[in-house]
Amino acid sequence: MRGENSVVKDPALAPEGHRKIEWAAAHSPVLAAVRERYLKDGTFDGLGVGVALPVEAKTAYLAAVLAEAGARVAVAAPLPSVVQDDVAAALAERGVAVFATSEGAPEDADRWMELALEAATAGGEAVLIDDRAGLTRIAHTTRRGLLPRLRGASEETTSGVVRLRAMEREGVLELPAIAANDARCKYLFDNRYGTGQSTLAALMQSTNLMLGGKRVVVLGYGWCGKGIARYAAGLGARVTVCEVDPVRGLEAYADGFDVLPALRAAEVGEVFVTATGNRRVLGEEHFARMRDGALLANAGGVDVEIDVGWLRSAAARVREARRHVEEFVMPDGRRLRLVGGGMVVNLTAGDGHPVEIMDLTFAIQALCAYRLAREHAAMRPGVHLLPREIDDEVARLKLGAVGMGVDALTEEQRRFLAGWRE
Ligand SMILES: NC(=O)c1ccc[n+]([C@@H]2O[C@H](COP(=O)([O-])OP(=O)(O)OC[C@H]3O[C@@H](n4cnc5c(N)ncnc54)[C@H](O)[C@@H]3O)[C@@H](O)[C@H]2O)c1
């Protein structure tokens, strides 16, 4: 069985993991339809698929669907903090090679990704489903020997696409990579509604505090920030947005939020959520102005948005106030409380995105992997967008699954829109 070389915490945890995967499967009609229509046509027979994603039930269902379609799937966690050990155990029991335990150190993640790359390419060629370009980075550095076996990579995150474009600019990207994140069925729903709901859920669950009436500061008004601000406002919070892009700042203002530079927002906020994908968005100069009891969390894909290192070195005392909540007592007595360790909070202190959201995202990912598997030879190394028809198909499948639908243009309307004489 392929799963037997896996690195997991405890195989005995598998039964609870299977239940979680079954729950995800029961709420993933789009991925199920994609499986029936496309994935089972033999494309994946014997092909390796290397996956780097948080190891929780939705990822596991995607891996299981690909394995069922004939692929040799290997899954690595990009961080120990995003591993659910019961799900990892269940996945290994289903014959997937899994390299993920919550007991690992952050430095172990590179090793797990190397092992997953090796396992995925052991029997021949492979495609990658990547998170923050982790597998792609390793295939271009410590495991360059495996590059010729890779047909391409599909990238899940905004931060990963930023890195792939940087590699492309420097002329070092040797694979075709599809920016799955930039598919409309991904960022419009996953980044916005998925991050919005699950970030707020993680904050509420880990603090047991109320958000209604509180001053919530959202740093970054991209797709994630828009979702977080909207859900916070829906819960009755008074939302302030911080941006560096004036148009996005103006958009936040028009959406009904205050827009302030971060140093001023630091003085008024009670809850701070970063979602920029940038480094040191909250640092010493902001912490110095925050009020006693301020809550800090990061929803961005990089773990350097909040300068946790400075907090740790400057604090007079640090203690775990609740599970997932660290309290830093500053020398002047103020307490700043960090939720989820400054890592992606909806995964480290929550259950990740809602299943229905990941159903869309993983339908996109499965179709990207399918496209790379079939059409890689005609794709140049570099970053590619998913063709619009595939996005449309996923949206149509989802609307159909909830009993809704859209119209098609009539021939007369198509001609009218294409012409100019009328
Ligand atoms: N938590 C999750 O589950 C989840 C889901 C999807 C994406 N992400 C991650 O969240 C981050 C944001 O993703 P997105 O899709 O919203 O990206 P985006 O590019 O749409 O938005 C980022 C925004 O941050 C702003 N920004 C950059 N530096 C800033 C600064 N110093 N201060 C204030 N604003 C700043 C940018 O102007 C931009 O508007 C990425 O790292 C992405 O990988 C997380």
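Reader: In β14, which residue is the bridge partner of A297?
Author: This is a predicted model, in which local features need pLDDT of at least 70, side-chain atom pairs count only at pLDDT 80 or more, and totals for chains, interfaces and linings use all residues. Residues are numbered from 1 along each chain as its sequence is written, and side-chain values use heavy atoms, without hydrogens or water. Strand β11 (residues 295-298) runs parallel to strand β14 (residues 335-344), joined to it by 4 bridges. Within β14, A297 has as its bridge partner V339.

Reader: In what order do the 8 strands of the open sheet stand?
Author: Strands are DSSP runs of E with at least two residues, and helices are runs of H or I with at least four, numbered from the N terminus; two strands pair if DSSP finds at least two bridges between them. The pairing in this open sheet is mixed. β9 (258-259) and β12 (317-322) each have a single partner strand, so they are edges with one side left without a neighbour in the sheet. The order is β9-β8-β7-β10-β11-β14-β13-β12.

Reader: How far is a polar side-chain atom of S159 from an oxygen atom of the ligand?
Author: A polar contact is a pair of N or O atoms within 3.5 Å. For N191, a side-chain N or O atom is 2.8 Å from a ligand oxygen, and for H353 a polar side-chain atom lies at 3.5 Å from one. For S159 the distance is 2.7 Å.

Conventions: A polar contact is a pair of N or O atoms within 3.5 Å; within protein, one must be able to donate a hydrogen and the other to accept it, and residues adjacent in sequence count only if both atoms are side-chain atoms.
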